[in-house]
Amino acid sequence: MCFLLFKAAKIGNDLRFTNLDQRFENYFNKFSFAEIKILWDSHFLNAQKKTEAITQINDTIETIIEAIDNKPYGVSENNVLYAGLNELGGYHFFQTVIVGAIKVKVKNGAKLLFLGDNFELRLDSDSMEFESDFTDIKGRHITKIDFQIEEFDIKKLQDNKLTHILLSVKNHEIKFGKYEAFDEEE
């Protein structure tokens, strides 16, 4: 009902009524009771969905890792980083897929920073524009980002031991630790 009152007050200001009751009465006279109920129900459902989205994060790193067949490259508190090298037409790419809570729509690219013992490598995203995709799992998103990498940097990346990976995208900085799987056979 607050939504309708706000809408009515907004329209009422445009009509230049001086009495608040007159504005509401005039606004609601345009709609039948059924139309007002539909407006109210749709607002209530939207508000309920937003509340659920805020409180839902039941997705865990373990759940994500179990659901995806590939081995993770890194993990953070709420996201799993899958990655691999690829070559296309002589150009090399470090392709990443982030699965988890991060949800972004970007128009100015991203940066990936690899940090290790006496090692630092910074990569820029290949595309300036990308966005996260929804999944069937509530609160889980998939963000695909390709980063340009030079051939000589690939060797450095493979030869050095990483301590963590830092992804800077929009107003997010996500610190991934290198994923170390425990061998179940041992």
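How many of the 7 residues of β5 are buried? The answer is 6, so the strand counts as mostly covered. The model shown in these views is predicted.

**View 1. Strand β5 and its covered residues.** β5 spans residues 110-116. It is mostly covered, with 6 of 7 residues buried. F114 belongs to this strand. Its relative accessibility is 0%, under the 20% cut-off, so F114 counts as buried.

**View 2. β5 beside β10.** Strand β10 covers residues 162-169. β5 and β10 pair in the antiparallel sense. The pairing runs over 7 bridges. F114 takes part here: its bridge partner in β10 is I165.

View 3. Strand β6 is made of residues 119-124. β5 pairs with β6 too, in the antiparallel sense and over 6 bridges. K111 has D124 as its bridge partner in β6. The hairpin has 2 residues between the strands. N118 takes a positive phi there, near 55 degrees.

**View 4. The ring pair F94 and F114.** Centre to centre, the rings of F94 and F114 are 5.2 Å apart. Their planes stand at 90 degrees, so the pair is edge-to-face. F94 sits in strand β3 and F114 in strand β5. The two residues are 20 apart, and their pair links distant parts of the chain. F94 has a relative accessible area of 2% and is buried.

**View 5. The ring pair Y73 and F94.** A search of the whole structure finds 2 aromatic pairs. One of them joins Y73 and F94. This pair is edge-to-face, with 5.5 Å between centres and 70 degrees between planes. Y73 lies in the loop between α4 (61-67) and β1 (74-75). F94 lies in β3, residues 91-100, so the pair ties together parts that are 21 residues apart in sequence. Is Y73 buried or exposed? Y73 counts as buried, because its relative accessibility of 16% is under 20%.

View 6. Y73, F94 and F114 form one aromatic cluster. K178 lies over the face of the Y73 ring. The distance from K178 to the ring centre is 3.6 Å.

Definitions and conventions:
Residues numbered from 1 in each chain as written. Predicted model: local features only at pLDDT ≥ 70, side-chain atom pairs only at ≥ 80, totals over all residues. Heavy atoms only, no water. Phe/Tyr/Trp six-rings, centres within 6.5 Å; stacked < 30°, edge-to-face > 60°. Helix = DSSP H or I, 4+ residues; strand = E, 2+ residues; numbered from the N terminus. Buried < 20%, exposed > 50% of the residue type's maximum accessible area, 1.4 Å probe, protein only. Lys NZ or Arg CZ within 6 Å of the ring centre and 35° of its normal. Pairing = 2+ DSSP bridges.
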